[in-house]
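Reader: I am new to this structure. Could you take me through it in short questions and answers?

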Amino acid sequence: MHGLVNRSIQHYVSHTYGRPVWEQITSNAGLEFSDFEGMLRYTRSYTSELLQSAEEVLGRPRGDIMEDIGAFLVCHPGFEAVRRLLRFGGVDFVDFMHSLDDLDERVRLAVSDLILPKVELQVCADGHFSLICDASVQGYGHVMMGVLRAMADDYGALALLEHAKGPAAGTEMVSITLVENDFAEGRAFSLAAGAP
């Protein structure tokens, strides 16, 4: 598994719950180290072991933890590059959702060896969408739900989100009901690097 994945989990837990909690999670997961390097590759099982341990230590369901990680990647100042990459998807939340089909390709432009599971947006009816997520990484739909929640806030949209089992084996689905695309003022964003 790419180190950026495990490092994201590390940053989320450390910033939200503190370094001692993170060290307890890595210890309970049977790891002899507690820091992940973003550009290294690690045994794939580490990720599921970390999430299982986090579930036990934090006393929270894995889906909730993964959703919070998705939101953290968008909202935390230390991950501004992720937010910028996502904001290049469009001028409003609807544009952004339509850009998700090529998210994995955009990510590979930034980090060539980071392969994200595929997602596909389906327009169901006026204001209703389904995001079908490849669940080769179990719980990826929850991560995308957190990303969508944070990006709706970022754009100033009001959207209702619900996670469900996908229409086919090995998929997860996020049901999106867009109540209002321009509900509130979104966060400032500029294409210029270093701007908000």
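Reader: Is Arg 106 buried or exposed?
Author: This is a predicted model. Buried means under 20% relative accessible area. Arg 106 has 14% relative accessibility, so Arg 106 counts as buried.

Reader: Which residue meets Arg 106 in a salt bridge?
Author: Side chains of opposite charge can pair when their charged atoms come close. Here the N to O distance is 3.4 Å. The partner of Arg 106 is Asp 102.

Reader: How far apart are the closest N and O atoms of Asp 35 and Arg 19?
Author: Asp 35 sits in the loop between helix H2 (19–28) and helix H3 (45–58), while Arg 19 is in helix H2, 16 residues apart. Asp 35 is partly exposed at 39% relative accessibility. Arg 19 is partly exposed too, with 30%. The two form a salt bridge whose closest N and O atoms are separated by 2.8 Å.

Reader: Which residue forms a salt bridge with Asp 154?
Author: Asp 154 lies in helix H8 (residues 140–155), and its partner lies in helix H5 (residues 80–87), 67 residues away. Both side chains belong to buried residues. The N to O distance is 2.4 Å. The partner is Arg 87.

Reader: Over the face of which residue does Arg 87 lie?
Author: Arg 87 also has an aromatic neighbour. The distance to the ring centre is 4.2 Å. The ring belongs to Tyr 155.

Reader: How many of the 16 residues of H8 are buried?
Author: H8 reaches 22 Å from its first C-alpha to its last, close to the 22 Å expected. Just after H8, Gly 156 takes a positive phi of about 85°. H8 is largely enclosed by the rest of the structure, because its buried residues number 14 of the 16.

Reader: Why is the pair of Trp 22 and Phe 36 edge-to-face?
Author: A pair of aromatic rings is described by the distance of the centres and the angle of the planes. For Trp 22 and Phe 36, the centres are 6.4 Å apart. Planes over 60 degrees apart count as edge-to-face. The planes of Trp 22 and Phe 36 are at 65°.

Reader: Which residues do ring pairs link into a cluster?
Author: Trp 22 and Phe 36 are each buried, at 0% relative accessibility. Phe 36 also pairs edge-to-face with Tyr 42, at 4.8 Å centre to centre and 75° between the planes. Tyr 42 counts as buried at 16%. The cluster links Trp 22, Phe 33, Phe 36, Tyr 42 and Tyr 46.

Reader: Which residue stands opposite Val 119 in S2?
Author: Strand S1 (residues 119–125) and S2 pair in the antiparallel sense over 6 bridges. They form a hairpin with 2 residues between them. Opposite Val 119 stands Cys 133.

Reader: How many bridges join S2 to strand S4?
Author: S2 (residues 128–134) is largely enclosed, because 5 of its 7 residues are buried. S2 and S4 (residues 171–180) run antiparallel, and Phe 129 stands opposite Ile 176 in S4. The bridges joining S2 to S4 number 7.

Notes:
Residues are numbered from 1 along each chain as its sequence is written. This is a predicted model: local features need pLDDT of at least 70, side-chain atom pairs count only at pLDDT 80 or more; totals for chains, interfaces and linings use all residues. Side-chain values use heavy atoms; hydrogens and water are left out. A salt bridge is a side-chain nitrogen of Lys or Arg within 4 Å of a carboxyl oxygen of Asp or Glu. Helices (H or I, at least four residues) and strands (E, at least two) are DSSP runs, numbered from the N terminus. Buried means under 20% relative accessible area, exposed over 50%, partly exposed in between (1.4 Å probe, protein chains only). Two strands pair if DSSP finds at least two bridges between them. The expected span of a helix is 1.5 Å times one less than its number of residues. Rings of Phe, Tyr and Trp (its six-membered ring) pair if their centres lie within 6.5 Å; planes under 30 degrees apart count as stacked, over 60 as edge-to-face and the rest as tilted. A charge sits over a ring if NZ of Lys or CZ of Arg is within 6 Å of the ring centre and within 35 degrees of the ring normal.
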